Amino acid sequence: MKMNAFVIGATGLTGCEVIRLLSAHPLIRKIYPISRESGISLEELHPNLTGIKKYTYTLEELKHIEPDVVFICLPSGESFDIAKNFINTKAIIIDLGADFRFDDPKLFEKVYKKKHKAKEIQYKFTYGYVEEFKKEIKCSQYIANPGCYVNAALCPLVPLIKANIINTDSIFISAINGTSGAGVNNQKELIHHNQFANMLAYSLNGHRHTDEIENIIFKTTMKKANISLVTSHGNFVRGIFMIQCMKLSSHVNCERNDILEYLKDYYKNNEFISIIGINKVSEGVEKNYGIYPQLSKVIGSNSCHISLDIVPETRELRVVSVIDNLVKGAAGTAIQNMNIIINVNEATGLTRYGI
Ligand SMILES: NC(=O)c1ccc[n+]([C@@H]2O[C@H](COP(=O)([O-])OP(=O)(O)OC[C@H]3O[C@@H](n4cnc5c(N)ncnc54)[C@H](OP(=O)(O)O)[C@@H]3O)[C@@H](O)[C@H]2O)c1
């Protein structure tokens, strides 16, 4: 069975990444790049796709084609009408934005300060966090793909909370994203001459992924967590470098290595999550750089690398996780969701190895 894919928002960054990955997917017959403007050369717009020989279509021009899968790669709040358009067709819908990420539309409206314009179909969507909701995803046709920071945060947090290793009263997360996290319409602060050798904090009054992280922690562990998420853009294009700080639970008396071994075991059947630095230590003032994940090593891959350390005097646990925001944080997870739904190996068309 080969599938036709619509990629809506093909001129954007996640749209480009979905097209790049689908081009190497053995079960995709044809990709239709879709934009509000017809006839844009993908090769000119995204030179990394040189050779693809594709031009954008408007949705109107493709009225006569029934896709098997639709990837919606639009700014949050822009997917509602398009999803409604495809909901009673045979198509799988995967929305990379936030429109369908909250079961309760009111929460979307509170967090995104926009109207939820498809309340009647919200219940049909499954939250596509592949690490925990595989069974639900398998039975679903409509997926709300998780936010990029959410993926990087949950991969270590969910198993740590499930095993009562950490106290959830106060979890501080500092995350640095590449400039691609802001999408294609970069503001002047993000263009090269301003952002080169620069760091740029944003949304310190509350990042919208905070609610999403707390919501999914509750769904997966039945525990309330208080998350404080601070975000910045770094001087690079792709990737999220995240450090999370929290206290060990009062009863927990384990070493760094015990926790790493637990996480390794938790993810033993997961092709894309790797636990780094087991059996290594950072002693005294010596700096051992090899025991924590490095951001550049996951770029281009669908992987998440995780490690951690403990400050014994304060019982603080510090966790590092890194992902490529455009792959594991967006297009790669979207394709993994599609693979799960069509019942093929979920790694089809994806790689665990960075460039
Ligand atoms: N960038 C990331 O790292 C990342 C990670 C995870 C999730 N996401 C989510 O994925 C979605 C797409 O993100 P992106 O980074 O690919 O965005 P982007 O680069 O800004 O591209 C979005 C595309 O949507 C189209 N569009 C349609 N209606 C629009 C409107 N009213 N305003 C602006 N553009 C409109 C535009 O294409 P045309 O002009 O050709 O129609 C544009 O190229 C967003 O919801 C984002 O939150 C992004």
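A crossing of two helices is called left-handed if the near helix is turned anticlockwise from the far one by less than a right angle, and right-handed if it is turned clockwise. Keep that in mind for a helix pair further down. The model here is a predicted one: local features need pLDDT of at least 70, side-chain atom pairs count only at pLDDT 80 or more, and totals for chains, interfaces and linings use all residues. Residue numbers start from 1 along each chain as its sequence is written.

Let's begin with the whole chain. It holds ten helices and 13 strands, where helices (H or I, at least four residues) and strands (E, at least two) are DSSP runs numbered from the N terminus. The C-alpha trace spans about 65 × 45 × 40 Å along its principal axes. The radius of gyration is 20 Å, which agrees with the value near 20 Å for a compact globule of 355 residues; it is taken over C-alpha atoms, and the globule rule is 2.2 Å times the number of residues to the power 0.38. Of the 355 residues, 47% count as buried. For that label, a residue needs 20 or more other C-beta atoms within 10 Å of its own; with 12 or fewer it is exposed, and in between it is partly exposed, with C-beta atoms placed from the backbone. Take the contacts with a separation of 6 or more: 69% of them join residues 24 or more positions apart. A contact here means that the C-beta atoms of two residues, placed from the backbone, lie within 7 Å.

Now for the ligand. It is surrounded by 27 residues, and the closest are Gly-12, Ser-35, Gly-97, Gly-183 and Val-184; a residue counts as near if its C-beta atom, placed from the backbone, lies within 6 Å. Helix H1 (13-23) and helix H10 (327-341) each bring at least two residues to this shell, and H1 gives the most, with three. By class, the shell has nine nonpolar, 15 polar and three charged residues. In this scheme Ala, Val, Leu, Ile, Met, Phe, Trp, Tyr, Cys and Pro are nonpolar, Asp, Glu, Lys and Arg are charged, and the others, Gly among them, are polar.

Helix H6 (residues 148-162) packs against helix H8 (residues 209-221) at an angle of about 30°, with the axes 10 Å apart. Axes are lines fitted to C-alpha atoms, for helices over the stretch in contact, and angles run from 0 to 180 degrees between N-to-C directions. The crossing of H6 and H8 is right-handed. Among the residues making the contact are Ala-153, Leu-157 and Ile-161 of H6, and Ile-213, Ile-216 and Ile-217 of H8. Ten nonpolar, three polar and two charged residues make up the contact.

What does Lys-223 touch, leaving out residues up to four places away in sequence? Its partners are Ile-161, Thr-168, Ile-217 and Phe-218. Lys-223 sits in the loop between H8 and strand E9 (227-233).

Finally, two asparagines. Most residues other than glycine have a negative phi. Asn-164, in the loop between H6 and strand E7 (171-177), has a positive phi of about 55°. Asn-279 has a positive phi of about 65° and lies in the loop between strand E11 (273-275) and strand E12 (304-311). Asn-279 is exposed because 9 other C-beta atoms lie within 10 Å, while Asn-164, with 14, is partly exposed.
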